[in-house]
Amino acid sequence: MRCLQYALSVLSLVSSSVLAASEIHSHSRKPYDGQFIEVNNTNSAVEWWYAQALGAPVANGVTSSFQILFNLGALVAVGPRDPAAPLYTLAITGFFSNGTAFEVTLAAENATVTSGHGEEVTGTWGSIARFHASRDLKTFDMKFTHPQISGTVVFKANNAPHYACNSTSSPTFTSVSKGLTLSESEEVLFNQLGWIATTPGSAAKVDLTVKGAPLKFVGNGYHDHNFTPLPINALVSSWYCGNARVGPYDMSFVLVKPRDNSTNILTTGYLSRNGVVLQNQCSINGTKSRDFSLTTPYGAKTEAGVVVPEGYIVDYVLHNGEKFSFNLTSYDANPKRASYLRWVGNIVGGSVSKGEKFTGATMLELISFP
Ligand SMILES: *[C@@H]1O[C@H](CO)[C@@H](O)[C@H](O)[C@H]1NC(C)=O
Ligand SMILES: *[C@@H]1O[C@H](CO)[C@@H](O)[C@H](O)[C@H]1NC(C)=O
Ligand SMILES: *[C@@H]1O[C@H](CO)[C@@H](O)[C@H](O)[C@H]1NC(C)=O
Ligand SMILES: *[C@@H]1O[C@H](CO)[C@@H](O)[C@H](O)[C@H]1NC(C)=O
Ligand SMILES: *[C@@H]1O[C@H](CO)[C@@H](O)[C@H](O)[C@H]1NC(C)=O
Ligand SMILES: *[C@@H]1O[C@H](CO)[C@@H](O)[C@H](O)[C@H]1NC(C)=O
Ligand SMILES: *[C@@H]1O[C@H](CO)[C@@H](O)[C@H](O)[C@H]1NC(C)=O
């Protein structure tokens, strides 16, 4: 689960007419981008498709960026679903090349997610936005046709899709939970929440007009997809995550503290080199001496009224003992809310034994419900 994202609370356009339910296909294995859970007005389920593009790294860390959540349901919610709240929303944020933040939040009248041949999936959010995963998953593209956002974003994958925990069959964290005594919310977090990294690394081309201004750049893309029967605030007290393409590496990490002071701290680590997976692990923090990743926040600064880290050191130790270390520094955040910060920043690192210091742009997130 790379980066959990949540539906932004302020919607610039709200429609209460919920028209279409989404189509759910049953394959022997669902396409990676297919819909995994039913979301409707009488349950609390949520499923979202996240995509992000980052321009070339710049010295102050705030490169051109674009992020979107195609949401079915609300990632953060208290109590039963408000039937008047829109089910189908788009939360778009980023930075123009001059460092100015933008945000576009929209509600669609309807949304459908349909499967075609192979891995092909098409998501349509009303007449506003569409995403399309190609049947070989080599291309993921998005198209926008709204006065506030129009144009295209195209990802060309350079890494294969994956689930967490190096599973080829299950998008959940069930393999981690074996042998643990789980609370009710942990049972959902470990066994029912799913993460699918459809495009862990790609080349990205962004060609958009956002609120009348051009947002055009080439860089790196990342796309994943999550689902859960309960909103994320019912499951976790904090959720740190990040991803980057740096030199020949694509990396991501997640560090999740379940709610109620649980000590079952979930970690994931994904690292590939030239598209070859070096690590794809999930585990309870501190339980492994090989094939693990360690995320260590450092520094402190105050943003949106909360004290947050200045960055993270993310270390990977492979099965064979080989070590990699990356230093991710956060710069400006958008969204920048007390419970949800998503920063652009810079990353430096690589193989420890080779002393590699590759540099790149990164995206970091902290979602917290203290
Ligand atoms: C909503 O989804 C639940 C599954 O979470 C299903 O049992 C229920 O029948 C659905 N309700 C409607 C009105 O479709
Ligand atoms: C979905 O909403 C759009 C308007 O946003 C409308 O044109 C279209 O007919 C709707 N589709 C369905 C299946 O209701
Ligand atoms: C930065 O670029 C955006 C989009 O072109 C523009 O709206 C904004 O005014 C610019 N900001 C500054 C400080 O130049
Ligand atoms: C979690 O720990 C904090 C600080 O020790 C304490 O105030 C709080 O009551 C604990 N919460 C639960 C649900 O145990
Ligand atoms: C992932 O699992 C496969 C077996 O399904 C194994 O061959 C491979 O080494 C594992 N990769 C990593 C990075 O753990
Ligand atoms: C994770 O485990 C390491 C020890 O392996 C420990 O130093 C670190 O504080 C732990 N992180 C969290 C968030 O508990
Ligand atoms: C990580 O990068 C930051 C910002 O450049 C720097 O201040 C810090 O010393 C670095 N930490 C390590 C352990 O290299």
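**Before starting**

This is a predicted model, in which local features need pLDDT of at least 70, side-chain atom pairs count only at pLDDT 80 or more, and totals for chains, interfaces and linings use all residues. Residues are numbered from 1 along each chain as its sequence is written, while chains are lettered from A and ligands numbered from 1 in the order in which they are written.

**Stop 1: the whole chain, coloured by confidence**

Colour the protein chain by pLDDT, the predictor's confidence in each residue, from 0 to 100. The mean for the chain is 92, and 92% of its residues reach 70 or more. Next, select residues 1-27, where pLDDT stays under 50. The model has 77 contacts beyond four places in sequence for this stretch; two residues are in contact if their C-beta atoms, placed from the backbone, lie within 7 Å. Where pLDDT is low, the predicted coordinates should not be read in detail.

**Stop 2: Arg-29**

Select Arg-29, which belongs to the segment before strand S1 (46-54). Helices (H or I, at least four residues) and strands (E, at least two) are DSSP runs, numbered from the N terminus. Is Arg-29 buried or exposed? Arg-29 is exposed, because 10 other C-beta atoms lie within 10 Å. The rule is that 20 or more other C-beta atoms within 10 Å of a residue's own make it buried, 12 or fewer make it exposed, and a count in between makes it partly exposed; C-beta atoms are placed from the backbone. From C-alpha to C-alpha, Arg-29 and Val-206 are 31 Å apart in space and 177 residues apart in sequence.

**Stop 3: the two annotated spans**

Select residues 42-227, to which UniProt assigns the feature "domain: Diels-Alderase N-terminal" in an unreviewed entry. UniProt positions are given in the numbering used here, feature names are shortened, and annotations may be inferred rather than shown by experiment. This span is 6% helix and 53% strand, and its end C-alpha atoms lie 16 Å apart.

Now select residues 235-366, listed by UniProt, again in an unreviewed entry, as "domain: AsqO/PenF-like C-terminal". Here the composition is 0% helix and 71% strand, with 15 Å between the end C-alpha atoms.

**Stop 4**

Select Pro-80, in the loop between strand S2 (65-72) and strand S3 (88-95). Pro-80 is exposed, since 10 other C-beta atoms lie within 10 Å. Its C-alpha atom is separated by 52 Å from that of Gly-355, 275 residues apart along the chain.

Then select Gly-126, in the loop between strand S6 (121-125) and strand S7 (129-133). Gly-126 is buried, because it has 20 other C-beta atoms within 10 Å. Which residues does Gly-126 touch, not counting those up to four places away in sequence? They are Tyr-88, Ala-108, Glu-109 and Asn-110.

**Stop 5: the nonpolar core**

A nonpolar core is a set of buried Ala, Val, Leu, Ile, Met, Phe, Trp, Tyr and Cys residues joined through C-beta atoms within 7 Å. The largest one has 99 residues, and Phe-70, Leu-90 and Met-251 touch the most other members. Select Met-251: leaving aside neighbours within four places in sequence, its contacts include Tyr-270, Leu-271, Val-314 and Phe-326.

**Stop 6: the loop between S14 and S15**

Select Arg-259, placed in the loop between S14 and S15. Arg-259 is partly exposed, because 17 other C-beta atoms lie within 10 Å. Beyond four places in sequence, Arg-259 is in contact with Ser-185, Leu-235, Val-236 and Ser-237.

Asn-261 lies in the loop between strand S14 (249-258) and strand S15 (266-273). Asn-261 is exposed, since 7 other C-beta atoms lie within 10 Å.

**Stop 7: backbone exceptions**

Most residues other than glycine have a negative phi, and most peptide bonds are trans. Asn-261, although not a glycine, has a positive phi of about 55°. Cys-165 likewise is not a glycine, and its phi is positive at about 65°. Cys-165 sits in the loop between strand S10 (162-163) and helix H1 (174-177). Finally, select Asn-334 and Pro-335, which are joined by a cis peptide bond with omega about 5°. Pro-335 lies in strand S21 (residues 323-337).
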